[in-house]
Amino acid sequence: MAIPKSAYPAPFNTTRASHVVWTVKDLARSRAFYVDCFGFAVSDEDTNAIYLRGMEEACHHSIVLKQASSAPACERVGLRVYTEEDLEKAKAHFDKAGLPAKWVEVPHQGKTLHVSDAVGTPLELCARQPVQPRLVVQFKAHHGACPLRIDHFQIQTPDVAKACQFYCDLGFRLSEFIAPDNTDDLMFVFLQRKGNPHDIVFANGSGPRLHHAAFSVPDAQHILQACDIASAHGFGDHLESGPGRHGPGHAMFTYWRDPDGHRFELFNTHYQMMDIENEPIRWNASQLRRRPWGFPPQRSWYEEASNFAGVASKDPAQKPNPMSLERFLLERTA
């Protein structure tokens with residue numbers, strides 16, 4: 001298949017990944033995990049929800065945790081657009097594409113649009129949130145991993161190519177992709193609007209499901225410190241993968257599972273990808289067997305993800321067989 005080209009000019013101006021909305025069983029337990037242990041700041045909270053942000057973030061929230069009696073899920077992932085005029089353009093674009101979009105009232109956000117993308121991912125688009133003081137130089141407020149800001153989402157989908165075409169049509173740019181050797185059959189795509197490698201990633205797998213939301217930290221020491229602090233808070237066994245270094249994106253990382261099984265990534269060291277002449281970087285699937293350093297993720301990293309509330313998941317035509325930690329150790333000892 002041909003690698004999709006990005007629409008220019010875009011039909012409306014999406015600026016970045018904005019926020020994630022997760023439902024949880026126990027808000028107090030989630031608060032202990034995200035706030036007391038990992039160091040997110042609380043913008044607002046009540047008996048039904050907690051709104052969190054990172055140290056660099058002035059906008060009201062990048063994580064919303066909602067109390068729910070049903071199984072934990074992801075309600076939506078959020079994207080920011082530049083102005084409310086862009087929201088109007090977005091609605092017209094989605095309506096024309098046959099994707100019903102509707103206006104909704106959402107606490108601590110301006111005008112908000114709900115729609116699902118071409119592969120069923122529930123999206124929440126807004127142009128404004130109330131502004132809170134940035135805490136980036138308020139060092140008394142820094143603790144835990146010192147998360148700075150939300151960076152991207154990764155979505156599992158059985159149709160990566162369809163997702164890639166949809167977002168390229170919205171003006172997202174493909175920064176990197178993974179394909180089987182000697183083909184352009186897309187397995188992973190890294191798509192961006194804000195000028196670093198990605199705002200949203202799509203990976204082949206059962207879905208749509210949210211694989212993770214990712215948050216930047218100041219440096220590698222904060223990634224290691226997060227492991228020590230999590231252990232001290234009784235969350236050491238919530239580390240799922242890492243520390244390690246990615247090939248695509250080149251970031252150092254750890255992946256964590258919260259008390260409800262939602263996954264988030266702490267990472268650092270992105271490069272810029274904003275100049276018009278920058279072409280997508282191709283990774284052959286065989287290259288991922290030779291990661292820069294660190295062990296491959298365990299099987300759960302590939303197979304488990306947060307369901308989107310009310311959205312049925314479909315399996316891909318061909319089930320992936322990635323290099324998991326279990327497979328790596330088995331082949332190593334064979």
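What share of the contacts in the protein with a separation of 6 or more comes from residues 24 or more positions apart? Such residues account for 69% of those contacts. The model is a predicted one. The protein holds 6 helices and 18 strands.

**Overall build**

- The C-alpha trace spans about 55 × 50 × 40 Å along its principal axes.
- Buried residues make up 51% of the 334 in the protein.
- The protein exposes about 14,900 Å², and carbon and sulfur atoms supply 52% of that area.

**Helix H1 and its ends**

- Helix H1 covers residues 27-37.
- Its buried residues are Leu 27, Ser 30, Phe 33, Tyr 34, Val 35 and Cys 37.
- At the start of H1, Asp 26 brings a side-chain oxygen to within 3.1 Å of the backbone nitrogen of Ala 28.
- Just after H1, Gly 39 has a positive phi of about 95°.

**Salt bridges across the chain**

- The protein has 14 salt bridges in total.
- Glu 45 pairs with Arg 31 in a salt bridge, with the closest N and O atoms 2.9 Å apart. This pair links distant parts of the chain: Glu 45 sits in strand E2 (residues 41-45) and Arg 31 in helix H1, 14 residues apart.
- Glu 45 is partly exposed, at 41% relative accessibility. Arg 31 is also partly exposed, at 27%.
- Lys 111 and Glu 88 form a salt bridge through their side chains, at 2.4 Å from N to O. Lys 111 lies in the loop between strands E6 (102-104) and E7 (112-116), and Glu 88 lies in helix H2 (residues 84-96), so the bridge ties together parts that are 23 residues apart in sequence.
- Lys 111 has 31% relative accessibility and counts as partly exposed. Glu 88 is partly exposed too, with a relative accessible area of 40%.
- Asp 184 and Arg 282 meet in a salt bridge of 2.8 Å, N to O. Here the partners are 98 residues apart: Asp 184 is in the loop between strands E10 (173-179) and E11 (188-192), while Arg 282 is in strand E17 (residues 281-284).
- Asp 184 is partly exposed at 30% relative accessibility. Arg 282 is partly exposed as well, at 29%.
- Glu 240, Arg 257, Arg 263 and Glu 304 belong to one network, joined by salt bridges that share partners.

- Arg 257 is placed in strand E15 (residues 252-257).
- Is Arg 257 buried or exposed? Arg 257 counts as buried because its relative accessible area is 16%, and the cut-off for buried is under 20%.
- Leaving out residues up to four places away in sequence, Arg 257 touches Phe 33, His 238, Glu 240, His 262, Arg 263, Ser 300 and Glu 304.
- The side chains of Arg 257 and Glu 240 are joined by a polar contact of 2.9 Å.
- Asp 237 lies 20 residues from Arg 257 along the chain, and their C-alpha atoms are separated by 9.0 Å.

Note on methods
Residues numbered from 1 in each chain as written. Predicted model: local features only at pLDDT ≥ 70, side-chain atom pairs only at ≥ 80, totals over all residues. Heavy atoms only, no water. Buried < 20%, exposed > 50% of the residue type's maximum accessible area, 1.4 Å probe, protein only. Helix = DSSP H or I, 4+ residues; strand = E, 2+ residues; numbered from the N terminus. Polar contact = N/O pair within 3.5 Å; in protein donor to acceptor, adjacent residues only side chain to side chain. Salt bridge = Lys/Arg side-chain N within 4 Å of Asp/Glu carboxyl O. Contact = heavy atoms within 4.5 Å. Areas by Shrake-Rupley, 256 points an atom, 1.4 Å probe, with all protein chains shown as cover.
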